[in-house]
Amino acid sequence: MILVASLLALAVLAALSPLLARVLRRETGYVLAAGFLAVAALLLTEAPAVLDGQAVQASAEWLPSLGVSSALRLDGVSLVFCLVALVVGALVMAYCCRYLGEAEARGPVYPLLVVFAGSMVGLVLADDLVLLYVFWELTTLCSFALVSTAGTAAAGPGRQALLVTVAGGLALLTAVVLLVVATGTTRVSEVLDDPGAVLASPLAVPIGICLAVAAFTKSAQLPFHFWLPGAMVAMTPVSAYLHAATMVKAGIYLLVRVSPVYASQDWWTLLLLAVGLSTALAGAVQALREHDLKAMLAQSTVSQLGLLVAVIGVGTSTALAAALLHTMAHALFKATLFMLVGIVDKQTGSRDVRELSGLWRVMPFTAACTGVAALSMAGVPPLLGFVSKEYLFEGFLSADVLPWAGPVAAGLAVAASALTFAYAARIVYDAFGGPTLQARLRDPRPAFLAPAAIAAVAGLALGPAVALFDPFVRSAAAAALPGGDPPEVYFWHGFGVELVLSAVTVTAGLVLFLARDPVDAVLHRLPDPWGHRGFDRLHAGLLALGGATRPLDEAGGRAGHLARPLAGVVVLGGAGVLAAGALGPSAPRTTDVDPGEWLLTGLLAAGVLGAALTGSTLVLVALIGVVGLFVTLWLLLAGTVDVGTTLLLVEVLTTVALVLVVHGAPSALPRSGRARRLGAGVLALAAGAVALAATAAFTGRRERSGAGTYFVENAEALTGGTNVVNTVLVDFRGVDTFLESVVVGVAALGLLALRGRAPVRHGLPDPHAHERSQVLGLEDVVLRVSLRLLVPVMLVLSLYLLWRGHDEPGGGFIAALVAGTAVVLRFLAGEPDGVRTERGRALLEPRLLAGAGTLLATAVGVAPVLAGGALLTPFDVPGLSAVGISSALLFDLGVYLLVLALITAVVRSLAPDEADPREPDRPEHPGAAGRAEPAAAGDRSAR
């Protein structure tokens with residue numbers, strides 16, 4: 001339960017952070033930092049077992065029919081990455097308290113950072129491939145949302161980051177599917193316990209390539225590296241967290257985690273060594289070419305990640321232990337440097353080293369912390385970065401995939417590390433050395449500097465005290481490569497090859513720094529190794545290709561849009577008919593056809609033919625509605641009461657919406673030429689004929705569905721409901737229904753957003769119809785009075801259908817359609833927002849309906865998981881089961897609210913924009929026509 005409680009705690013923090021921000025404002029970060037540390041402490045309660053080589057597990061059924069479970073597992077590897085995410089996250093949260101402004105603190109930054117942390121913790125704890133993929137994509141979405149908080153400047157970089165990392169997510173999804181095919185399980189631990197099952201499969205190499213591509217995109221390796229420097233447009237706390245502890249470390253975690261499977265494969269080792277060392281060198285070179293401090297750090301992250309990828313590829317216990325230790329060291333010094341650069345930017349207004357000089361005299365504490373963190377990044381003793389860099393060299397020297405592979409890999413790592421020393425020295429000297437240009441500056445307040453100072457001091461103290469990390473690193477390395485012999489972690493290696501390589505690194509780096517002018521001259525002659533220009537060209541090419549197809553659509557109007565899918569129906573349907581013929585004749589039909597069905601078929605055909613031939617807009621709308629009613633009648637005669645009732649209500653609402661849309665439009669439909677009408681008729685007849693032939697060809701080819709038989713025979717026993725249709729929707733396929741309902745809610749919110757940005761004017765009710773009706777004395781009193789009786793009855797009927805849906809025809813969807821019909825009638829009677837109080841406030845707010853429905857359905861679905869069951873398992877509601885309120889009813893109520901939200905949003909979108917429904921912009925009497933009135937508080941223009 002510790003693992004579940006940790007994730008729940010982070011979820012609660014994310015949910016509460018907007019409320020905390022309203023009360024505590026910027027100081028919310030301190031509460032969240034304390035929460036992160038509390039979760040870390042909670043996980044550390046399991047550390048004794050983990051360090052002893054045991055794994056802590058928790059599991060609950062998620063998709064039992066697919067063998068997918070919400071399985072969590074804490075071992076040495078996941079413990080290290082969890083602590084990195086939570087401890088660095090706590091420092092970043094505390095830093096936010098003084099970095100963010102009051103408006104920014106009340107924005108989405110705090111909630112998104114907490115969700116980011118929870119996604120990373122969930123990713124490294126996931127012991128199910130599907131769950132791991134879900135959290136993987138959550139980190140992608142969180143990083144995109146956080147980068148997007150930078151506004152319009154983040155549009156291009158955010159698009160790059162999203163597209164590249166989503167492409168990597170697709171590669172991971174492919175790997176997940178192939179792993180399940182190869183091993184027959186979705187459990188990560190089972191796959192890793194039996195690597196032979198993967199390696200013996202012909203899918204082993206494709207799986208490994210997909211995993212590598214996923215990791216390369218996430219951790220910004222060549223050729224996918226360009227998105228990470230672009231993401232530096234995000235605010236500094238976001239950059240610090242993304243670069244140090246979360247997003248980019250997900251790819252490192254994935255490579256470490258799959259090492260038991262692929263560490264022994266030469267092609268895997270060569271791939272990771274080649275890509276990682278190339279990225280390390282390219283990133284370090286680019287960092288030396290930058291003048292923006294934050295850009296230097298962004299390129300540095302790319303370089304350091306390359307070293308980590310390469311050393312993981314070596315695949316020995318020593319190399320994996322080095323990767324884990326350097327992951328922790330990198331998190332500390334990189335988070336420190338990003339926070340300090342943010343302080344410099346805040347205090348001076350610039351990050352360009354050409355505009356900064358001599359800051360050590362006016363900002364001595366900031367300079368000292370920056371120097372300590374930069375020395376750690378450069379690998380200078382006695383900093384933690386020095387210790388981890390020496391273990392990296394030891395790991396590279398253990399590479400034996402090819403003759404001289406170890407020395408060559410170590411030499412390239414030394415070259416990248418020397419470049420690292422050079423740009424680390426530039427960061428310190430260019431910003432803090434030289435003459436002081438801004439004498440009035442000073443160090444920030446201690447509260448602002450404290451998080452970075454704590455991380456800097458930790459990097460200094462943990463170098464000599466690195467033995468404290470020994471049990472964590474050794475247990476993690478043992479979990480990453482079972483059967484290996486990870487080295488002990490200690491400060492002094494003695495006078496060995498590693499120390500010589502460190503000395504060479506420092507010496508070469510110092511030479512590069514002292515000779516920075518000729519070095520710059522050489523570096524700026526080199527071609528730009530970054531790929532963002534290639535990405536931009538590819539993206540522009542795709543847009544141009546899409547634009548090239550535009551004339552085809554514009555030339556044909558609506559007909560061009562319809563012709564291609566109908567032609568596709570003809571082709572695919574014809575192929576289906578041929579395939580059915582190859583299978584042999586279908587079984588003879590045993591169902592007798594009622595003569596009434598032939599009559600209904602004839603009426604349907606007449607309605608469709610009339611709709612195709614009519615030239616009147618209103619007649620077309622009416623005939624479409626009539627065809628829908630005939631189909632409804634057909635369904636009812638077939639015994640499908642739920643489906644038929646749903647279609648009937650949908651047809652009513654659709655017809656009303658169509659009438660409102662075409663109101664004011666020309667009464668006659670535009671007519672096209674004879675040749676086009678003939679072509680459209682031929683295509684329509686061909687599509688219909690092929691659809692008929694395919695239906696006839698496939699009819700009778702199987703017995704009664706096994707799934708249908710199962711639902712009919714077991715629905716009542718398993719769910720307590722006797723309405724099989726509703727039990728399938730609410731219980732058996734509840735996840736599908738929930739996701740579809742959320743889509744409905746999103747559509748509702750999208751309509752409101754479009755309404756606010758670009759109100760639709762064509763085809764809306766005449767805003768001056770009310771005045772004309774008053775002048776003519778034609779106020780529709782009958783409609784208004786009758787609605788006072790009809791609307792309450794319809795609402796009661798709606799609730800009754802909702803209540804009985806689990807046992808009789810009804811349910812949340814049908815009930816919401818009935819309630820929506822009442823809303824539409826109120827709209828027709830003059831209430832554009834449906835139902836209002838006497839003060840004019842809307843009772844049915846789509847945003848609130850969508851939010852409440854989503855929260856309710858989610859709570860009902862997740863509640864069984866908290867009790868150790870599967871998602872959306874039916875359960876008795878404490879204290880309410882006796883009165884007939886079940887979990888299915890509550891879930892159906894969530895669906896009800898989401899569907900009602902969509903209907904209300906549609907009504908809002910059809911309301912006239914020219915006048916607010918509460919304050920019509922019209923004179924109350926003829927004498928007021930020439931007098932200007934102040935804007936009412938509720939007027940849209942005033943808002």
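1. Cavities. The count comes to four cavities of 30 Å³ or more. A cavity here is a set of points, on a 1 Å grid over the protein atoms alone, where a 1.4 Å probe fits but cannot get out. Grid points are joined across faces, edges and corners, and a volume is the space filled by probe spheres set on the points. Rolling a probe the size of a water molecule over the atoms shows where empty space is left.

2. Basis of the values. This is a predicted model, in which local features need pLDDT of at least 70 and side-chain atom pairs count only at pLDDT 80 or more, while totals for chains, interfaces and linings use all residues. Residues are numbered from 1 along each chain as its sequence is written, and side-chain values use heavy atoms, with hydrogens and water left out.

3. The largest cavity. The largest cavity holds about 150 Å³ of space. It is lined by 16 residues, of which L129, L179, V188, L211 and V258 are the closest to its centre; a lining residue has an atom within 4 Å of a point. Two or more lining residues come from each of α7, α8, α9 (188-193), α14 (247-257) and α15 (259-262). Helices in this numbering are DSSP runs (H or I, at least four residues), counted from the N terminus. Helix α8 gives the most to this lining, with four residues. By class, the lining of the largest cavity has 15 nonpolar, no polar and one charged residues. In this scheme Ala, Val, Leu, Ile, Met, Phe, Trp, Tyr, Cys and Pro count as nonpolar, Asp, Glu, Lys and Arg as charged, and the others, Gly among them, as polar.

4. The second largest cavity. About 50 Å³ of space lies in the second largest cavity. Its lining includes V730, D731, V860, P864 and F891. At least two lining residues are supplied by each of α34 (724-732), α39 and α40 (887-910), and the largest share, three residues, comes from α40. The lining of this cavity divides into eight nonpolar, two polar and one charged residues.

5. The second largest pocket. A pocket differs from a cavity in being an open set, with protein on both sides within 12 Å along at least five of seven lines. The second largest pocket has a volume of about 1600 Å³. Of the 35 residues in its lining, L131, F135, L138, T858 and V862 lie nearest its centre. Helices α1 (2-24), α6 (109-125), α7 (129-148), α35 (734-757) and α39 (846-866) each supply at least two lining residues, and α1 gives the most, with seven. The lining of the second largest pocket has 28 nonpolar, seven polar and no charged residues.

6. Salt bridges. Side chains of opposite charge can pair when their charged atoms come close. A salt bridge is counted when a side-chain nitrogen of Lys or Arg is within 4 Å of a carboxyl oxygen of Asp or Glu. The whole structure contains eleven salt bridges. One of the pairs is E27 with R98, whose closest N and O atoms are 2.9 Å apart. E27 lies in the loop between α1 and α2 (28-44) and R98 in helix α4 (residues 76-99), so the pair ties together parts that are 71 residues apart in sequence. E27 is partly exposed, with a relative accessible area of 29%, and R98 is partly exposed at 22%. Buried means under 20% relative accessible area, exposed over 50%, and partly exposed in between (1.4 Å probe, protein chains only).

7. Further charged pairs. D127 and R187 form a salt bridge with an N to O distance of 3.2 Å. This pair links distant parts of the chain, 60 residues apart: D127 is in the loop between α6 and α7, and R187 is in the loop between α8 and α9. D127 counts as buried at 2% relative accessibility, and R187 counts as buried at 18%. In the salt bridge between R354 and D352 (2.9 Å, N to O), R354 is exposed, with a relative accessible area of 58%, whereas D352 counts as buried at 17%.

8. A residue in a loop. A829 is found in the loop between α38 (812-828) and α39. At 13% relative accessibility, A829 counts as buried. The C-alpha atoms of A829 and V785 are separated by 9.8 Å, and the two residues are 44 residues apart along the chain.
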